[in-house]
Amino acid sequence: MSDITPDVVLDTKGLNCPLPILKAKKALKGMENGQNLELASTDPGAVKDFEAFCKATGNKLVSHWMDGDVFMFMIERVV
Amino acid sequence: MADVDIGNAKKMTIICTKGTLDWAYPPFILATTAAAMDVEVTMFFTFYGLGLLDKKLNLGVTTLGNASMRMPMGGMQMAMPNMISMIPGATAGTSIMMKNLIKKKGVASIEELREAAVLSDIRMIACQMTIDLFEKKTENMIDEIELGGAATWMESALASDINLYM
């Protein structure tokens with residue numbers, strides 16, 4: 001769990017690569033700097049991919065955790 | 001980010017030469033993902049890849065010459081012998097099988113990925129020579145394309161960090 005209250009929540013459960021990334025990007029685009037996106041994914045490659053995505057785009061991967069079988073991510077939009 | 005300085009953006013080009021359902025995936029997945037990671041992407045469609053720009057897509061996959069093709073069936077990996085492709089309707093069959101699998105696994109359709117490519121401002125160049133060669137009509141192709149040749153791709157490629165041929 002994350003103790004941050006997300007500004008936007010995105011459910012990408014059941015979607016496979018690269019859809020969670022594409023949807024995250026779209027959501028982040030519509031957000032303000034400093035706002036937090038909580039994202040759920042069942043893609044087994046999601047952790048590596050979101051780490052790489054955040055590193056490349058400069059957004060901050062605040063935390064990630066498991067909720068049962070679901071990979072959860074908290075991403076802060078940073079320009 | 002929308003307001004990233006384009007002048008400093010990393011650039012990538014992909015040459016897309018194949019128009020089958022299976023080969024349509026790698027270029028569109030990499031292009032859309034790169035765009036999502038703030039890379040400026042140019043896709044150059046030539047020969048059979050040009051078909052991926054048709055407004056109406058009806059992509060297929062064949063077992064012919066595809067010795068590595070395995071499809072999951074009842075928990076097993078089934079080889080797809082070349083012989084199968086000689087049976088009438090076999091290619092349609094394997095194509096439907098693949099499309100069902102794609103849907104079941106939550107994999108995006110090529111139409112969806114292409115739409116994402118358009119929305120993320122990926123530059124899509126259709127090879128003018130191939131259009132002439134195969135007598136293709138640009139009105140049957142999506143509106144977001146531009147026409148160009150090898151030199152148009154070269155110009156992008158020379159300014160790019162990554163150039164891929166698929």
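This is a predicted model: local features need pLDDT of at least 70, side-chain atom pairs count only at pLDDT 80 or more; totals for chains, interfaces and linings use all residues.

1. The C-alpha atoms of chain B fill a box of roughly 50 × 35 × 25 Å along the principal axes.

2. Next, the elements. Chain B has 5 helices and 7 strands.

3. Now look for the open sheet in chain B. Five strands form it, in the order β6-β5-β2-β1-β7, and their pairing is parallel. At the edges sit β6 (145-148) and β7 (162-165) of chain B, each of which pairs on one side only. From one strand to the next, the twist averages 20 degrees.

4. Strand β1 (residues 11-16) of chain B runs parallel to β7(B), and 4 bridges join the two. If you find B:T13, its bridge partner in β7(B) is B:N163. As a reminder, strands of a sheet pair through backbone hydrogen bonds, either parallel or antiparallel.

5. For the antiparallel case, turn to the hairpin of chain B. Strand β3 (residues 70-73) and strand β4 (residues 76-79) of chain B run antiparallel and are joined by 4 bridges. B:M73 has B:M76 in β4(B) as its bridge partner. Between the strands of this hairpin lie 2 residues, and B:G74 takes a positive phi near 50 degrees.

6. Chain B also has a helix pair to inspect. Helix α1 (residues 21-36) and helix α3 (residues 110-119) of chain B pack at an angle of about 35 degrees, their axes 9 Å apart. The crossing of α1(B) and α3(B) is left-handed. On the α1(B) side, the contact uses B:A24, B:F28, B:I29, B:A31 and B:T32, which meet B:I110, B:L113, B:R114, B:A116 and B:A117 of α3(B). By class, the residues of this contact are 8 nonpolar, 1 polar and 1 charged.

7. How many residues does each chain bring to the contact between chains A and B? Chain B has 14 residues in contact with 13 residues of chain A. The most on the chain B side comes from α1(B), with 4 residues. That side of chain B has 8 nonpolar, 3 polar and 3 charged residues.

8. Over in chain A, helix α1 (residues 19-29) deserves a look, as 8 of its 11 residues are buried. Among them are A:L19, A:P20, A:A24 and A:L28. The buried residues of α1(A) pack against β1 (8-12), β2 (36-41), α2 (46-57) and β4 (70-76) of chain A, and also against α1 and α3 of chain B.

9. Finally, see how the two α1 helices meet. The axes of α1(A) and α1(B) come within 9 Å and cross at roughly 30 degrees, which means that α1(A) is roughly parallel to α1(B). Their crossing is left-handed. A:I21, A:L22 and A:K25 of α1(A) make the contact with B:T32, B:T33 and B:A36 of α1(B). Here the residues divide into 3 nonpolar, 2 polar and 1 charged.

Terms used: Residues are numbered from 1 along each chain as its sequence is written. Chains are lettered from A and ligands numbered from 1 in the order in which they are written. Axes are lines fitted to C-alpha atoms, for helices over the stretch in contact, and angles run from 0 to 180 degrees between N-to-C directions. A crossing is left-handed if the near helix is turned anticlockwise from the far one by less than a right angle, and right-handed if clockwise. Two residues are in contact if their C-beta atoms, placed from the backbone, lie within 7 Å. Ala, Val, Leu, Ile, Met, Phe, Trp, Tyr, Cys and Pro count as nonpolar, Asp, Glu, Lys and Arg as charged, and the others, Gly among them, as polar. Two strands pair if DSSP finds at least two bridges between them. A residue is buried if 20 or more other C-beta atoms lie within 10 Å of its own, exposed if 12 or fewer, and partly exposed in between; C-beta atoms are placed from the backbone. Angles under 35 degrees count as roughly parallel, over 145 as roughly antiparallel, 65 to 115 as roughly perpendicular and the rest as oblique.
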